[in-house]
Amino acid sequence: MIYFCPSVTLDEELQAPFISGKLGIFFTRRSYNPKNPLNQIAPHRFIDNHCFSKEEFTEKNFFKFLKRVDYMKDDIKWVVIPDVVGDALKTLEMFPYYNNKVKELGWRTAFVAQDGIEMLPIPWGEFDTMFVGGSTVFKYSSIVRELIKYCNKRGVWCHIGRINS
């Protein structure tokens, strides 16, 4: 298990757990700092889509950022495909469009499971990581426990988004 923290700038002596791979970091276009060495050298990194933010998500900004950090794509574990927090149906409707575009750029992707996913077809085989989003209740549910077990059987990374942190 790897705990992923938001991208932060740390003193050199505090960087060791990140550099050794015991901790990972994630960043968005808003939190990314090219001068932060952890954004460049930590072995476990992913890019979040910033859809959880109060700031409006735009396709233009999302792809502009991916182009900006294109040089890192071989080292990034996954890019979280745009989603609608708490709405599995809307997330699933958006997924093929964004997933195909991000894959065409050469990135590995994460599908976000949201509240209600148990009633819908999960696009297994089209993503590299299952990202569990949605409500806190959903994240603690038996549905998510089953998803995690299934991901483990399939050899698919599974990440649970922050739970009130």
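The structure is a predicted model, so local features need pLDDT of at least 70 and side-chain atom pairs count only at pLDDT 80 or more, while totals for chains, interfaces and linings use all residues. Numbering starts from 1 along each chain as its sequence is written, and side-chain values use heavy atoms, with hydrogens and water left out.

Starting with the overall picture, the protein has six helices and seven strands (helices are DSSP runs of H or I with at least four residues, strands are runs of E with at least two, and both are numbered from the N terminus). Read from the N terminus, the order of elements is β-α-β-α-β-α-β-α-β-β-α-α-β. With a radius of gyration of 15 Å, close to the 15 Å that the globule rule gives for 165 residues, the protein is as compact as a globular protein of that length (the radius is taken over C-alpha atoms, and the rule is 2.2 Å times the number of residues to the power 0.38). Laid along the principal axes, the C-alpha atoms fill a box of roughly 45 × 30 × 30 Å.

As for what is tucked away, 43% of the 165 residues are buried (buried is under 20% relative accessible area, exposed is over 50%, and partly exposed is in between, with a 1.4 Å probe and protein chains only). Of the contacts with a separation of 6 or more, 56% come from residues 24 or more positions apart (a contact means heavy atoms within 4.5 Å). The 22 positive and 19 negative charges have mean positions 2 Å apart (Lys and Arg count as positive, Asp and Glu as negative, and His and the chain ends are not counted; each charge is placed at NZ of Lys, CZ of Arg, CG of Asp or CD of Glu).

On to single residues. S7 sits in the loop between strand 1 (3–6) and helix 1 (16–19), and it counts as buried because its relative accessibility is 14%. Its side chain makes a polar contact with the side chain of N36 at 3.5 Å (a pair of N or O atoms within 3.5 Å; within protein, one must be able to donate a hydrogen and the other to accept it, and residues adjacent in sequence count only if both atoms are side-chain atoms). Leaving aside residues up to four places away in sequence, S7 touches I25, F26, F27, S31, N36 and N39.

N99 belongs to helix 4 (residues 88–104) and, at 2% relative accessibility, is buried. The N99 side chain reaches the backbone oxygen of E126 at 2.8 Å.

W107 lies 42 residues from F65 along the chain, with 13 Å between their C-alpha atoms.

C51 falls in the loop between strand 3 (45–47) and helix 3, buried at 16% relative accessibility. Beyond four places in sequence, C51 touches F57, P82, D83 and V85. From C51 to E93 the C-alpha distance is 15 Å, across 42 residues of sequence.
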